[in-house]
Amino acid sequence: MSLIISIRTDRGDSSEIDLAGLKLPCVLGRDADFSQIVVDDSQISRAHCKLTQTNGGIAVEDMGSRNGTWLNGQRIAKGVLRPGDTLRIGTSRCVIDEAEGEGPDPLEGRKMGGFELIEAVGKGRYGTVYRAMQVALQRPVAIKILSEEFRKDPAVVESFLVEARRAGRLNHPNLVQVHDVVEIDGHYLLAMELMAQSAGDVLREQGPFEAPQLIKVLREISLALGYAESQRLVHRDVKPDNILVNEEGAFKLADLGIATAIADDGQAKQERIFGSPHYVAPEQARGGSIDGRADLYALGASVWHLATGAPLFDGTSRQVVAAHLGAPIPDLRKLAPKLSPGLVELVKNLLEKNPDKRPANAAAVIARIDQMGSAAAKPFKVLRKRMRRIRLRR
């Protein structure tokens, strides 16, 4: 059963969100830096409540909000959403309903600029991703098409094109390759290498990774980060959902088009704090200058999540960031007892609060992995033989 939340504010603004398209857990609040579902209501906390998947359906959990989360008139700490329920947050009213069957995607089956759009495989905030065929080369590709809402916004279009062209200039076996970006009949298309699924998807489907797969992730994404360092770039958003795997079981880093440049002094200046709270390095969270060691911290936090099945720290976005800044990390040996001491020590080293105490660069991480004699980790088995449906991502 798929649920829809219809949100109406006290000003009469309304929006509708299909929970089948969300990557859970996700946060609902008024601040886009902390929440995946943003509601413009001053009485809602910046990170108000969290939606998670449970055996009984979709659960809602209050995150210490100022005015509380109310389900069917009762203030709750946690509850399960059912069709017909009413959720009140701040002055906004959210009605829960069962989703009707979706109609066919209007672009499926169309040929656009030499690409045949075979199947819509996911919808995100800025557009839809299709499994497609580049007809002239008979090459399977992924095509991302900017949504109608955003292709009418010149600033978003320019950002889309700049990031695509920047990513297209980069070429490495462990980066998701961008092939082309074109405008066709008012549509903006980004053609990319077709991948099977993300490490986050694999985690959600099969549970925590075994040590050989963790080592493979560490080594192959370190190779990608080493290339980024050589191009004087900091990725800024390494996380399980940006670590993709292809049909051959190779892990590749996506979204390098959002990377920021390292200046002559060896530091990247942040115009705004960027990154996902669960994986953000302390120096990045503070908003100061960063270098490639911030990406190594995020890689360590990602591997921790893949190893244990849970993020390094839990709570509201603010609480998670505060923990990255000052809280000691839990004992990984107890949470993942099958990992070797050398692997545990490397992950802990990547998660040092002080970047000077982390490995100096990605090459140092690769050297330590190779010293463990684990470079020949067993191949990763892809669970699906075609691209899985992608969930909504920020």
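Biologist: A cavity, as I understand the term, is a set of points on a 1 Å grid over the protein atoms alone where a 1.4 Å probe fits but cannot get out. How much space lies in the largest cavity?

Modeller: The largest cavity holds about 40 Å³ of space, where a volume is the space filled by probe spheres set on grid points joined across faces, edges and corners. The count is 1 cavity of 30 Å³ or more. Please note that this is a predicted model, in which local features need pLDDT of at least 70 and side-chain atom pairs count only at pLDDT 80 or more, while totals for chains, interfaces and linings use all residues. Residues are numbered from 1 along each chain as its sequence is written, and side-chain values use heavy atoms, with hydrogens and water left out.

Biologist: Which residues line the largest cavity?

Modeller: Its lining (residues with an atom within 4 Å of a point) consists of 10 residues. Those nearest the centre are Arg236, Asp237, Tyr279, Val280 and Ala298.

Biologist: Arg236, then: where is it found?

Modeller: Arg236 sits in the loop between strand S19 (233-234) and strand S20; strands are DSSP runs of E of at least two residues, and helices are runs of H or I of at least four, numbered from the N terminus. Arg236 has a phi near 85°, which is positive although the residue is not glycine. Most residues other than glycine have a negative phi.

Biologist: Is Arg236 buried or exposed?

Modeller: Arg236 has a relative accessible area of 15% and therefore counts as buried. Buried means under 20%, exposed over 50%, and partly exposed in between, with a 1.4 Å probe and protein chains only.

Biologist: What about Asn72?

Modeller: Asn72 also has a positive phi, of about 55°, and is not a glycine. Its place is the loop between strand S7 (69-71) and strand S8 (74-76). At 45% relative accessibility, Asn72 is partly exposed.

Biologist: Back to S20. Which sheet includes it?

Modeller: S20 belongs to an open sheet of 3 strands in the order S18-S20-S21, with antiparallel pairing. Strand S18 (197-198) and strand S21 (251-253) are the edge strands, each pairing on one side only. Two strands pair if DSSP finds at least two bridges between them. S18 and S20 (residues 243-245) are joined by 2 bridges, and Gln197 stands opposite Val245 in S20.

Biologist: What lies across S20 and S21?

Modeller: Helix H4 does, and it runs at about 40° to S21. Such angles run from 0 to 180 degrees between N-to-C directions, with axes fitted to C-alpha atoms, for helices over the stretch in contact.

Biologist: Which strands form a hairpin with 2 residues between them?

Modeller: S10 and S11 form that hairpin, and Gly90 in the turn has a positive phi of about 60°. Strand S10 (residues 86-89) pairs with S11 in the antiparallel sense over 4 bridges, with Thr86 partnering Val95. Strand S1 (residues 3-8) is joined to S11 (residues 92-98) by 6 bridges, also antiparallel, and Arg8 has Arg93 as its bridge partner.

Note on methods
Contact = heavy atoms within 4.5 Å. 1 Å grid on protein atoms, 1.4 Å probe; cavity = no way out; pocket = protein on both sides within 12 Å on 5 of 7 lines; lining within 4 Å.
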